[in-house]
Amino acid sequence: MDTQFLVSLSIILATFALYIGIAIYNKAKATSDFYVAGRGVPPIFNGMAIGADWMSAASFIGMAGTIMLLGYDGLAYIMGWTGGYLLLTFLLAPQLRKYGRYTVPDFIGDRFDSHTARVIAAICTIIISFTYSIGQLSGSGVVIGRLFEIDAKVGTMIGVVLIAFYAAFGGMKGITWTQVAQYIILIIAYLIPVIFMSLQLTGNPMPWISYGELVGKMGELDRELGISEYFAPFTNGTKWQFLALMFTLMAGTAGLPHVIVRFYTVSTMKAARWSGAWALLFIGLLYLSAPAYSAFSRFILMTKVAGSKITELPAWTKTWVDTGKLQVADGNGDGVLQWSELIISNDIVVMATPEIANLGMFVIGLVAAGAMAAALSTAGGLMIAISSSFAHDIYYRVLKPNATEKKRLSVARWSIVLATLFAGLIALNPPGAITQIVAWAFALATGTFFPALVLGVWWKRSNSKGVIAGLLVGLGVTLAYIFAAKYGGFTILGIIDTGAGVFGAIAAFTANIVVSLMTPAPSQKIQDEVMDLRYPEQMVYKNGDVWMNDDGPKSV
Amino acid sequence: MKKIDKKVADSYFREKTRNMIIYFIVWFLVSYGVVLLAEPLSEFTINGFPFHYFMGAQGAVITFIILLFVNAKLGDAIDRKYGIDEEKNRQISSGKVLDH
């Protein structure tokens with residue numbers, strides 16, 4: 001056991017103790033608390049919790065590496081995963097908050113007055129969140145496995161036990177405050193190495209300002225090596241793939257059930273607006289730093305590692321070569337490691353760079369703790385989304401409307417435990433790379449919930465048959481395109497499986513609109529309820545007139 | 001409960017929607033617009049970055065954050081202008097928690 005192991009272990013255990021402590025302290029008592037935290041979380045903290053919920057293993061561990069390897073084309077992830085918050089905050093979050101339901105399937109079921117739509121939406125929620133959580137669990141497995149030098153499978157199992165524990169016993173309320181703590185840990189863990197590297201390489205402690213000149217310098221290095229420049233656009237895919245991926249990530253953001261449900265935890269439409277703004281500010285801190293992280297890592301690898309003698313490589317190379325994620329073969333046998341002979345997997349860039357830059361044991365341990373926070377916090381939110389879809393939307397609203405609150409809470413907890421175990425089982429042998437799985441989850445949300453919610457909120461004529469057609473067609477087209485592009489080599493305009501959401505969304509909007517227009521309009525009551533979403537809580541829309549409610553809840 | 005003039009209610013919705021459309025135009029230009037014109041825009045540099053790279057890595061994200069705060073702030077101002085009381089909103093929406 002070396003000192004690094006002990007340092008990392010203590011940091012991780014200390015942060016875990018903090019999360020579990022908060023979860024136990026807030027142990028949920030009533031169902032309303034369990035799902036939506038009693039609806040009283042202040043916007044700034046809700047913003048942090050959304051940030052932690054949002055930034056997963058893919059953002060924390062995978063994104064900087066992806067940008068390092070893809071160059072400009074990787075920036076589709078930066079713009080896509082931040083720009084979606086505008087769609088969410090302008091088009092959906094405040095309106096859904098005013099409608100006032102517990103979950104996304106609940107909104108769809110009541111807005112369209114259809115149990116069929118409710119059940120389809122619940123199943124879509126489960127598919128999307130489950131797909132997403134497989135990526136998180138296998139991410140946490142990689143971190144734990146690498147850190148403790150145990151098999152990644154054992155690491156995954158440790159992650160499963162932790163998630164099941166605090167998601168099942170804390171509920172959303174426990175999770176909200178746990179996630180605030182997780183956000184703080186993960187953002188510190190991400191910023192410290194970037195700031196240190198910036199000081200090391202440029203003498204400037206502001207990485208966001210200092211890395212511009214390195215980007216330019218790397219362009220020159222690339223030209224000397226005769227490879228395409230780091231910042232050259234569309235070298236790894238067509239312009240259409242860039243646009244399609246960016247759209248899929250944006251619309252998926254607005255359609256992800258575990259993110260939307262966060263906006264049910266605030267008190268009013270105004271609070272929903274502010275929560276969205278704070279959330280993107282906190283998320284933006286990491287997303288603005290990720291390209292700096294990539295640039296510093298690439299610069300260090302190009303100038304300090306490439307060009308050294310193969311026999312004199314630093315110690316960190318050995319541990320990472322052993323994981324199979326790094327290759328340093330002296331292809332031309334000249335005894336020197338060239339840039340082209342260094343092959344690094346995008347999943348290890350964030351984890352390995354602190355070692356490469358020699359930032360010290362504390363920082364390395366902190367990065368591992370931050371990566372765990374990212375994976376666990378997102379997985380926790382996903383598990384709540386899955387359990388509420390099952391326990392609330394399917395079990396309570398459809399199967400057993402007379403179930404007691406105690407019974408429903410126990411069904412919710414058991415569904416978390418079972419879903420976590422099942423996702424963990426699949427994560428032992430994941431069906432694809434982590435980022436790939438996550439991108440599929442976004443494509444599915446873009447093809448199903450984004451059109452259904454936008455039309456449900458903004459178009460009163462959309463009816464139950466339309467939404468059912470839209471959800472099914474969107475799901476089918478998205479899945480078909482993912483499989484056709486990935487396994488059949490079928491592409492349109494060079495758009496590959498990660499951009500599939502564009503086609504799903506177009507098909508779903510079309511199906512929803514065409515079928516709605518061909519079938520009778522929804523009842524007057526439902527149309528009034530949709531019109532009502534245009535106004536703040538105090539204004540009430542009824543029979544074509546708007547009323548100001550000055551007397552509080554009694555007269556509603 | 002008192003009835004609001006139809007014109008007043010409509011203009012509340014119109015003001016909100018008009019702002020939203022402006023935000024979305026800016027949103028589109030800084031992200032999709034810059035990507036569509038990435039090649040010609042790469043001729044310019046800003047703070048050492050080629051312009052298209054700067055927008056993708058920083059410019060677009062900062063614009064998004066600013067737009068969201070502008071929306072939150074202007075949204076509050078519009079609410080005030082139409083006499084919306086946030087305290088009443090809170091009471092009404094806590095009273096609207098569904099009974100299930």
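Colleague: Leaving aside neighbours within four places in sequence, with which residues is Ala168(A) in contact?

Modeller: This is a predicted model, in which local features need pLDDT of at least 70, side-chain atom pairs count only at pLDDT 80 or more, and totals for chains, interfaces and linings use all residues. Residues are numbered from 1 along each chain as its sequence is written, and chains are lettered from A and ligands numbered from 1 in the order in which they are written. Two residues are in contact if their C-beta atoms, placed from the backbone, lie within 7 Å. On that basis, the partners of Ala168(A) beyond four places in sequence are Arg413(A), Ile416(A) and Val417(A).

Colleague: Is Ala168(A) buried or exposed?

Modeller: Ala168(A) belongs to helix 8 (residues 152-202) of chain A; helices (H or I, at least four residues) and strands (E, at least two) are DSSP runs, numbered from the N terminus. A residue is buried if 20 or more other C-beta atoms lie within 10 Å of its own, exposed if 12 or fewer, and partly exposed in between. Because Ala168(A) has 23 C-beta neighbours inside 10 Å, it counts as buried.

Colleague: What distance separates the C-alpha atoms of Ala168(A) and Ile416(A)?

Modeller: Ala168(A) and Ile416(A) are 248 residues apart along the chain.

Colleague: How are helix 4 of chain A and helix 14 of chain A oriented to each other?

Modeller: Helix 4 (residues 57-70) and helix 14 (residues 349-356) of chain A pack with their axes 7 Å apart, at an angle of about 80°. Axes are lines fitted to C-alpha atoms over the stretch in contact, and angles run from 0 to 180 degrees between N-to-C directions. Angles under 35 degrees count as roughly parallel, over 145 as roughly antiparallel, 65 to 115 as roughly perpendicular and the rest as oblique. Helix 4 and helix 14 of chain A are therefore roughly perpendicular.

Colleague: Which element of chain B gives the most to the side that touches chain A?

Modeller: In all, 51 residues of chain B are in contact with 56 residues of chain A. Several elements of chain B each supply at least two residues to that side, including strand 1 (2-4), helix 1 (6-36) and helix 3 (51-81). With 17 residues, the one that gives the most is helix 3 of chain B.

Colleague: Which residue of strand 1 of chain B is the bridge partner of Trp547(A)?

Modeller: Strand 4 (residues 545-548) of chain A pairs with strand 1 of chain B in the antiparallel sense over three bridges; pairing requires that DSSP finds at least two bridges. In strand 1 of chain B, the partner of Trp547(A) is Lys3(B).
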